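Here is a quick walk through the contacts that hold this one together. Have a look at the sequence and the model first, then read on.

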Amino acid sequence: MIAGKELVDALEANYFEGEAFHVRTGIDRSECPWILVLVRRSEASARLFGLRFLDYPSSPPTLRFWRTERWNESSFAFDFTSMGDDGSGLVQSPAGVATMCIPFHVDYYKGAWHGDRPWLPEAADNCLAELVVNILRRA
Amino acid sequence: METSELPQEEAKGFEVTVIATSAKKIKAHPRELIAQLKLAATAAFGIPPEKAGDYRLASAPGDPAAEFDEAKRVADYHLHTGSKVYLVKPHTDA
């Protein structure tokens, strides 16, 4: 199973190619790989989200949404420990995170928000694929 | 398209790239049903046969219109060597 920078590079190559996507990837100070994706399907439809992989594949990734204007804010730090920007997801988690009500990201399970569709480390590739496809369906 | 009309290499079979986060090469044949190709793909990703029905193949991720009809054949979607197909859960309105 792929992990680390190879994982986010694979996500970029396999899911986020083409004019609709702008992508940044990296490894943070905690050595967690991350990927930021700006999806712009039209002038009226755009979404900015990020995935950070802390303890992957044992644990699901953190999913965050920010306002699309953040993409060009040079001083803005995409902090995955923040709540993201209000209204940038589709719902708010009980803890106040701007998110989507879809399985296989950390906040889906926090505070017993959902108990179905548990994260399966041995099937992390498939769980992550489902998460990404679900985000794209709603982005 | 009849198999006899296909280039020889493709009539014999060829490899497509199936993506479920990572990418795996799967042997395909123009006359093969999409359902058969999906079974090979799910097996390659360690998905047990009894769970294969939970998945579909698609030409693009996140687009319900891109999901393949499993009763059609590989040739119907003009798949060829190097074609990318995605292993996805079928779209629902939920």
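## Arg52(A) and its partner

Arg52(A) is buried, with a relative accessible area of 13%. Keep in mind that this is a predicted model. So what does this arginine do with its side chain? The Arg52(A) side chain meets that of Asp28(A) in a salt bridge, 2.6 Å from N to O. Asp28(A) sits in the loop between strand 1 (21-27) and strand 2 (33-42) of chain A, while Arg52(A) belongs to strand 3 (residues 45-52), so the pair ties together parts that are 24 residues apart in sequence. The aspartate end is partly exposed, with Asp28(A) at 23% relative accessibility; the cut-off for buried is under 20%.

Cys32(A) is found in the loop between strand 1 and strand 2 of chain A. Is Cys32(A) buried or exposed? With a relative accessible area of 3%, Cys32(A) is buried. Leaving out residues up to four places away in sequence, Cys32(A) touches Gly26(A), Ile27(A), Arg52(A), Phe53(A) and Leu54(A). Phe16(A) is another story: this residue is 16 places from Cys32(A) along the chain, and the two C-alpha atoms are separated by 20 Å.

## More salt bridges

Across all chains, the structure holds 13 salt bridges. One of them in chain A joins the side chains of Glu130(A) and Arg117(A), at 2.9 Å from N to O. This pair links distant parts of the chain, with Glu130(A) in helix 3 (residues 124-138) and Arg117(A) in the loop between helix 2 (106-109) and helix 3, 13 residues apart. Glu130(A) is buried at a relative accessible area of 10%, whereas Arg117(A) is partly exposed at 30%.

Chain B has its own example: Lys38(B) forms a salt bridge with Glu70(B), and their closest N and O atoms are 2.9 Å apart. Here too the pair links distant parts of the chain, 32 residues apart, with Lys38(B) in helix 2 (residues 34-44) of chain B and Glu70(B) in the loop between strand 3 (56-58) and strand 4 (84-88). Lys38(B) counts as buried, at 4% relative accessibility. Back in chain A, salt bridges that share partners join Arg67(A), Glu69(A), Arg70(A), Glu73(A) and Asp85(A) into one network.

## Helix 2 of chain B

Which residues of helix 2 of chain B are buried? They are Ile34(B), Leu37(B), Lys38(B), Ala41(B) and Thr42(B). Looking down the axis of helix 2 of chain B, you'd see its buried residues fall within an arc of 135 degrees, so they line one face of the helix. What they pack against is strand 1 (14-20), strand 2 (22-28), strand 3 and strand 4 of chain B. Just after the helix comes Gly46(B), which takes a positive phi of about 75 degrees.

## Strand 4 and its neighbours

Strand 4 of chain B is mostly covered, with 4 of its 5 residues buried. How does it pair? Strand 4 of chain B runs parallel to strand 1 of chain B, with 3 bridges between them, and Thr17(B) stands opposite Lys84(B) in strand 4. Strand 3 of chain B runs antiparallel to strand 4 of chain B, and 3 bridges join these two as well. Arg56(B) has Val88(B) in strand 4 of chain B as its bridge partner.

## Where the chains meet

How many residues of each chain are in contact? There are 18 in chain B and 18 in chain A. The area buried between the two chains is about 1,400 Å², and carbon and sulfur atoms give 46% of that. Thr21(B), Gly62(B) and Lys89(B) supply 41% of the area that chain B buries against chain A, more than any other three residues.

There's a polar side to this interface too: 12 residue pairs are in polar contact between chain B and chain A, and the interface has 3 salt bridges. Among those, Glu17(A) pairs with Lys84(B), their closest N and O atoms being 3.2 Å apart. On the side of chain B that touches chain A, strand 1, strand 2 and strand 4 each supply at least two residues. Strand 4 of chain B gives the most, with 3 residues.

Definitions and conventions
Residues numbered from 1 in each chain as written. Chains lettered and ligands numbered in written order. Predicted model: local features only at pLDDT ≥ 70, side-chain atom pairs only at ≥ 80, totals over all residues. Heavy atoms only, no water. Salt bridge = Lys/Arg side-chain N within 4 Å of Asp/Glu carboxyl O. Buried < 20%, exposed > 50% of the residue type's maximum accessible area, 1.4 Å probe, protein only. Arc of directions from axis to C-beta. Contact = heavy atoms within 4.5 Å. Pairing = 2+ DSSP bridges. Buried area = accessible area lost by both parts, 1.4 Å probe. Polar contact = N/O pair within 3.5 Å; in protein donor to acceptor, adjacent residues only side chain to side chain.
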